[in-house]
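Reader: I'd like to learn how to read a model like this one. Could we start with the core?

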Amino acid sequence: MLIAGFPAGAWGTNCYLVAPAAGEECVIIDPGHEATEGVEEALKKHRLKPVAVVLTHGHIDHVASVVPVCGAHGVPAWIHPEDRYMMKDPSMGLGRSIGMPLMGEITVGEPDDVKELTDGVQLELAGLELSVAHAPGHTKGSVTFRMPETAEIPSVFFSGDLLFAGSIGRTDLPGGDMAEMLDSLARVCLPLDDSTVVLSGHGPQTTIGRERATNPYLRDVAAGQGASEAPRRGM
């Protein structure tokens with residue numbers, strides 16, 4: 001298994017390229033602001049051929065490079081239908097303009113081929129199995145992607161802006177909802193094995209076990225309590 005990740009753009013959003021091995025087909029997860037160059041460098045370094053872009057949600061820091069990446073390689077983008085509108089109008093996901101200087105670096109719109117994600121679907125792309133879970137709270141259309149455990153590696157969980165190392169995604173932007181966030185944490189994250197590797201939309205790698213023990217939000221959810229007052233992360 002090969003997972004190449006890098007933080008991109010003004011928000012340091014993690015973009016991931018996932019493949020069975022170097023020299024094979026791959027999936028690109030969340031090519032956000034100023035991610036195009038990093039994607040191309042990773043493709044060249046690992047001799048990868050992309051077959052799809054998959055998106056954890058529609059915020060501009062996760063989708064800003066979707067059009068050029070999909071266009072350059074003739075691949076579709078997968079997104080949940082409740083977040084698709086943000087690809088055409090990023091400001092609707094923020095409740096404000098993101099600013100003209102930044103807009104000059106972003107290709108707003110949809111790629112030629114957009115496919116919609118649904119809860120529970122098993123995506124089979126590039127020789128990989130990605131289990132999709134609808135996880136609203138950060139946005140209405142937030143999803144996570146989980147890869148099964150193998151003899152070589154533990155399960156890998158791409159959490160988007162649902163779960164971070166030590167924190168969770170913010171819920172104060174349009175479509176955000178703390179009650180939905182807590183439900184998603186309980187329904188999607190808590191059942192996962194402690195060994196599950198968490199690769200989130202921002203920040204460092206962690207594990208479900210570490211977050212179960214130290215993340216104040218996940219501890220509160222496990223204990224059946226309300227939302228913690230600890231700081232949240234993400235755009």
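Author: A nonpolar core is a set of buried Ala, Val, Leu, Ile, Met, Phe, Trp, Tyr and Cys residues joined through side-chain atoms within 4.5 Å; buried means under 20% relative accessible area, exposed over 50% and partly exposed in between (1.4 Å probe, protein chains only). This is a predicted model, where local features need pLDDT of at least 70 and side-chain atom pairs count only at pLDDT 80 or more, while totals for chains, interfaces and linings use all residues. Residues are numbered from 1 along each chain as its sequence is written, and side-chain values use heavy atoms, without hydrogens or water.

Reader: Which residues touch the most other members of the largest nonpolar core?

Author: L17, I28, V39, V53 and V66, out of 29 residues in that core. Helices (H or I, at least four residues) and strands (E, at least two) are DSSP runs numbered from the N terminus. Elements giving this core two or more residues include β1 (2–8), β2 (13–19), β3 and α1. β1 gives the most, with four residues. Apart from this core lies another, of 21 residues, with Y16, A126, L128 and V132 among them.

Reader: And what is V39 in contact with, leaving aside neighbours within four places in sequence?

Author: Contact means heavy atoms within 4.5 Å. With those neighbours set aside, V39 touches F6, C15, L17, I28, P31 and V69.

Reader: Is D30 buried or exposed?

Author: Buried, because its relative accessible area is 2%. D30 is in the loop between β3 (25–29) and α1 (36–46). A polar contact is a pair of N or O atoms within 3.5 Å; within protein, one must be able to donate a hydrogen and the other to accept it, and residues adjacent in sequence count only if both atoms are side-chain atoms. The side chains of D30 and H62 make one at 2.8 Å.

Reader: Which order do the six strands of the open sheet have?

Author: Two strands pair if DSSP finds at least two bridges between them. The order is β7-β8-β9-β10-β13-β14, with mixed pairing. The edge strands, β7 (122–125) and β14 (206–207), each pair on one side only. Four bridges join the antiparallel strands β8 (128–134) and β9 (143–147), and H134 stands opposite V143 in β9.
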